[in-house]
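Have your viewer ready and follow along.

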Amino acid sequence: MIDTHTHLYYAEKFPEGAVEAVDRAVEAGVGKMILPNVSIDSCEPLLTLHHLRPEVTRVAVGLHPEDIDRDWRPKVEDVFARFEGECPVAVGEVGIDLYHDPTFRIEQMDAFGSQLDRARSINLPVIIHSRNALDETLEVTRIMGAECPPLLFHSFTAGVEEARRILERHPDAIFGINGVVTFKNAPELREAVKELGLGRIVLETDSPYLAPVPKRGKTNESSFLPYINAKVAEICGVTPEESEQSTTALSTRFFRLNSV
């Protein structure tokens, strides 16, 4: 299995050690973990963890929308400079988040567009964070037009209508499904997963958040990925082995992991 989105490098969430969390994931059957950057401060712990376990981790470079303010341009430059020579497999996580504070809505849209353009110029796919901002997200990607890089909608927790809107604009988009799919209060997401089918789905934990049932209430980690895989398999009417094979193959293609 591949965890396409995990923040195991958050030291305060893993006081016993991030390396140990990576090793537990490997023992649970997770062969690769994608570590997306979020801020300037996260660059160092992320890259440190990657260097300690380079055989099973890969990195993505970007500035999270909640870290965007009026002075976002030098921040983006700084983040991308720190990842030079680190062979990132994607730009991410980047996007638009208006859930808590829409103050920098325009700046977030501009920063997202800038990072999409960087991804296009260096031929990398993009991990999108979009919360309470699908209209704005699709407006920015519309401006990119045919030059828009491949897109992964991380932590997709919406329903069928939203999935259809994304695919109408981006027919090749794929969707990251995490522990929310196991929650009792997420029937709309399960309907969307059923409609999307395995061919458009990859697995993620979004560790340390959103631990799946039966681990709710605990700090989420990549070793919990099998619970998500089992629920996706159940929804799609296949075995866990078939779900693992499909999601792993799609993740490998999307991130070009065989060439890294």
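Angles under 35 degrees count as roughly parallel, over 145 as roughly antiparallel, 65 to 115 as roughly perpendicular, and the rest as oblique. The model is a predicted one, in which local features need pLDDT of at least 70 and side-chain atom pairs count only at pLDDT 80 or more, while totals for chains, interfaces and linings use all residues. Residues are numbered from 1 along each chain as its sequence is written, and side-chain values use heavy atoms, with hydrogens and water left out.

**Helix packing**

Helices (H or I, at least four residues) and strands (E, at least two) are DSSP runs numbered from the N terminus. Axes are lines fitted to C-alpha atoms, for helices over the stretch in contact, and angles run from 0 to 180 degrees between N-to-C directions.

| Helix pair | Axis distance | Angle |
|---|---|---|
| helix 3 (residues 72–82) and helix 4 (residues 105–121) | within 11 Å | roughly 30 degrees |
| helix 4 and helix 5 (residues 134–144) | 10 Å | about 40 degrees |
| helix 8 and helix 9 (residues 240–255) | within 8 Å | roughly 105 degrees |

Helix 8 is therefore roughly perpendicular to helix 9. Contact here means heavy atoms within 4.5 Å. Asn229, Val232 and Ala233 of helix 8 touch Pro240, Ser243, Glu244 and Thr247 of helix 9.

Helix 3 and helix 4 are therefore roughly parallel to each other. On the helix 3 side, Trp72, Val76, Glu77 and Phe80 take part, meeting Glu107, Asp110, Ala111, Ser114, Gln115 and Arg118 of helix 4. This contact between helix 3 and helix 4 has four nonpolar, two polar and four charged residues, where Ala, Val, Leu, Ile, Met, Phe, Trp, Tyr, Cys and Pro count as nonpolar, Asp, Glu, Lys and Arg as charged, and the others, Gly among them, as polar.

The crossing of helix 4 and helix 5 is right-handed. Among the residues in contact are Met109, Phe112 and Leu116 of helix 4 and Val140 and Met144 of helix 5.

**Pockets**

On a 1 Å grid over the protein atoms alone, a pocket is an open set of points where a 1.4 Å probe fits, with protein on both sides within 12 Å along at least five of seven lines; lining residues have an atom within 4 Å of a point. Grid points are joined across faces, edges and corners, and a volume is the space filled by probe spheres set on the points.

The largest pocket holds about 670 Å³ of space. Of its 26 lining residues, His129, Ser130, Arg131, Ser155 and Thr157 lie nearest the centre. Strand 5 (126–131) and helix 6 (160–169) each supply at least two lining residues, and strand 5 gives the largest share, four residues. By class, the lining has 13 nonpolar, eight polar and five charged residues.

The second largest pocket holds about 170 Å³. Its lining includes Cys148, Leu151, Arg169, His170 and Phe254.

Most residues other than glycine have a negative phi, and most peptide bonds are trans. Which bond joins Ser207 and Pro208? A cis peptide bond, with omega about 15 degrees. Val213 and Pro214 are also joined by a cis peptide bond, with omega about 15 degrees. Pro208 lies in the loop between strand 8 (201–203) and helix 8 (225–236), and Pro214 is in the loop between strand 8 and helix 8 as well. Asp206 has a positive phi, near 55 degrees, and is placed in the loop between strand 8 and helix 8.

Notes
A crossing is left-handed if the near helix is turned anticlockwise from the far one by less than a right angle, and right-handed if clockwise.
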